[in-house]
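Subject: Structure for you to look at

Hello,

Here is the structure I said I would pass on. Please open it beside this message, and read the notes below with it.

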Amino acid sequence: MLKKYLSVKYSAIWAPLGGALVTFSFAPFHLWPLGLLGLLIFTWLSNQSHKRPFLVGWLFGLGYFISGAYWVYISIHEHGGVPAPLAVLLMFVFTGVLSIFPALTLWLYRKLLFSGVAGALVLPLIWMFFEWVRSWLWTGFPWLLVGYAQIDSPLAGWLPIIGAWSTGYLVVLSATLVFFAVISTSKRDRFLPLLTVGFIFVSGVLLDAIDWVEDTGERRSVGLVQPNIPQALKWKRDQYDLIIDTMQVLTPPDVDLVVWPEASIPRSYPYSKNTLNELKKEAIRNKQDLIVGLPYIESEEKYYNSLMVLGLKEQTYFKNKLVPFGESIPLKPVLQPLIKHFDVPVANFSAGNGDAQQLYAADMKIAPMICYEIAFGNFTAQQARNSDLLLTVSNDSWFGDSIGPLQHFQMARVRAKEHGRYLVRATNNGVTAIVNDNGDTVVSMPQFKAGNVVGEVSLMRGSTPYNRVGDNPTVVMMLILLGCTIAARLRKSPKIR
């Protein structure tokens, strides 16, 4: 009975189903084997003789991104004030464009027409290439990279060595090897792929036992504030004093470092100077450093999302990677006319200069990432190099009660694992937490409640392989291998169908 439905004519059903299964490998589900199953379906679809391979790949992507990033609708409609029909349209445009990447993956693979072991190696390479393109094209959307889902899988040991993006290659490779083993008629051709998959997973477990960094024995006490301010009230002028009072009440006095969330000061600098001066005096009295988030106006043309250190030494960090729709307009030539026509409110932030920048507070070198920036592996590696602590702040209220904030927190855990550093995360309504150098949550508090998280972070010595080099060597290797593969195929068969 099942064999009847395993045919090309049912691809339009299997494709979105396979894509949706991949979503279940991420937080909050953490069912990483379902990610492998979804990619196994993608491999099967890639090896069928479709008349429209691009469409089949696009349908897979649609199932993947609608199920995994539906929270874009909540951001646009519930918090952006966009009418529901237009918000649905924008969500479909956004996810539809993202679905082009799996579509191109399947299409190119079908054009190259590899089979057997060669196909098992080439398909993950093409997938990896288009995940990389997706991470920087049109401001970049490196969300839902399959490597993120491996923080709680046997492959977690690979993260500090090659990072999340390259670990994703091992996930797709494992799925393709299993597929070719299943369809093989030769015992030898079944055994070798399955042996390779076993080696990948066992190696991940063994590598996880290696201590790439060591504890220096130095500790710092940290207090993270989660005020749970409703988004509808956050920017109302008559709520400003109440919000600042709430933040101060929730601030623990007896810690070395206090972190408030992204945009915790709901008034732009320099108009918030008086407030900042008072907070700075209070922090100095308490012998602590305070890090706050706020908008920063440098000029009429320059408007930043920023972090500011208030203490004996004042410092400022400007966000580099901006959120699509929230802080910038992705696909600007296509979407800007539509957004202007319907009067959709989109902030017009400027991006920082992109250079690595660390903050110094509580006698620590801190690698700052604001909200969306934690999703960018190479950027985080740049920030984290030679740091003592990773810091990320966010206002995930924009995602409502969806899976978005939990996916976001999962990425933060991956970054701690990749770099062998403690990570602290302060958010408006969760997840606020301290994560250790192994990516494990040390202490956190529930979402949608006001309070604080107090704990200690350990300063680590040494660095992981990934921290030293980031993704750059893998990018170069991937481009060379893919280029050589396509060139060799073209020489062998000039008229590729």
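Start at Val-431, which sits in the loop between β9 (423-427) and β10 (432-435). The peptide bond joining Gly-430 and Val-431 is cis, with omega about 5 degrees. Keep in mind that this is a predicted model.

There is another cis bond to look at, from Ala-27 to Pro-28, with omega near 5 degrees. Pro-28 is in the loop between α2 and α3. Phe-29 lies in the loop between α2 (11-23) and α3 (32-46). Phe-29 has a relative accessibility of 32%, so it counts as partly exposed. Together with Phe-24 and Leu-31, Phe-29 forms a nonpolar patch on the surface, and the three have about 230 Å² of accessible area together.

Now the backbone angles. Lys-287 is not a glycine, yet its phi is positive, near 55 degrees. You will find Lys-287 in the loop between α13 (273-285) and β3 (289-297). Is Lys-287 buried or exposed? Its relative accessibility is 74%, so Lys-287 counts as exposed. Asn-386, also no glycine, has a positive phi of about 65 degrees. Asn-386 belongs to the loop between α15 (377-384) and β8 (389-394), and with a relative accessible area of 58% it is exposed.

Next, the interior. In soluble globular proteins, nonpolar side chains tend to be buried together. The largest nonpolar core here has 121 residues, and Tyr-64, Leu-257 and Ile-366 have the most contacts inside it. Helix α9 (residues 159-183) gives the most to this core, with 12 residues. A second, separate core has 23 residues, including Leu-279, Val-292, Leu-294 and Phe-318.

What does Leu-257 touch, apart from its neighbours within four places in sequence? Among its contacts are Val-222, Ile-291, Met-364, Ile-366 and Leu-389. The list also holds Ser-221 and Asp-289.

Gln-315 is in strand β5 (residues 315-318). The relative accessible area of Gln-315 is 13%, so this residue is buried. Which backbone oxygen does the side chain of Gln-315 reach? That of Tyr-360, at 2.7 Å. Leaving aside neighbours within four places in sequence, Gln-315 is in contact with Leu-307, Met-308, Val-309, Gln-358, Leu-359 and Tyr-360.

Regards

Notes: Residues are numbered from 1 along each chain as its sequence is written. This is a predicted model: local features need pLDDT of at least 70, side-chain atom pairs count only at pLDDT 80 or more; totals for chains, interfaces and linings use all residues. Side-chain values use heavy atoms; hydrogens and water are left out. A nonpolar core is a set of buried Ala, Val, Leu, Ile, Met, Phe, Trp, Tyr and Cys residues joined through side-chain atoms within 4.5 Å. Buried means under 20% relative accessible area, exposed over 50%, partly exposed in between (1.4 Å probe, protein chains only). Helices (H or I, at least four residues) and strands (E, at least two) are DSSP runs, numbered from the N terminus. Contact means heavy atoms within 4.5 Å. A polar contact is a pair of N or O atoms within 3.5 Å; within protein, one must be able to donate a hydrogen and the other to accept it, and residues adjacent in sequence count only if both atoms are side-chain atoms. Patches are made of residues with over 30% relative accessible area and no salt bridge: like charges are joined within 9 Å, nonpolar side chains (Val, Leu, Ile, Met, Phe, Trp, Tyr) within 5 Å. Accessible areas come from the Shrake-Rupley method with a 1.4 Å probe; for residues, only the protein chains shown count as cover. A salt bridge is a side-chain nitrogen of Lys or Arg within 4 Å of a carboxyl oxygen of Asp or Glu.
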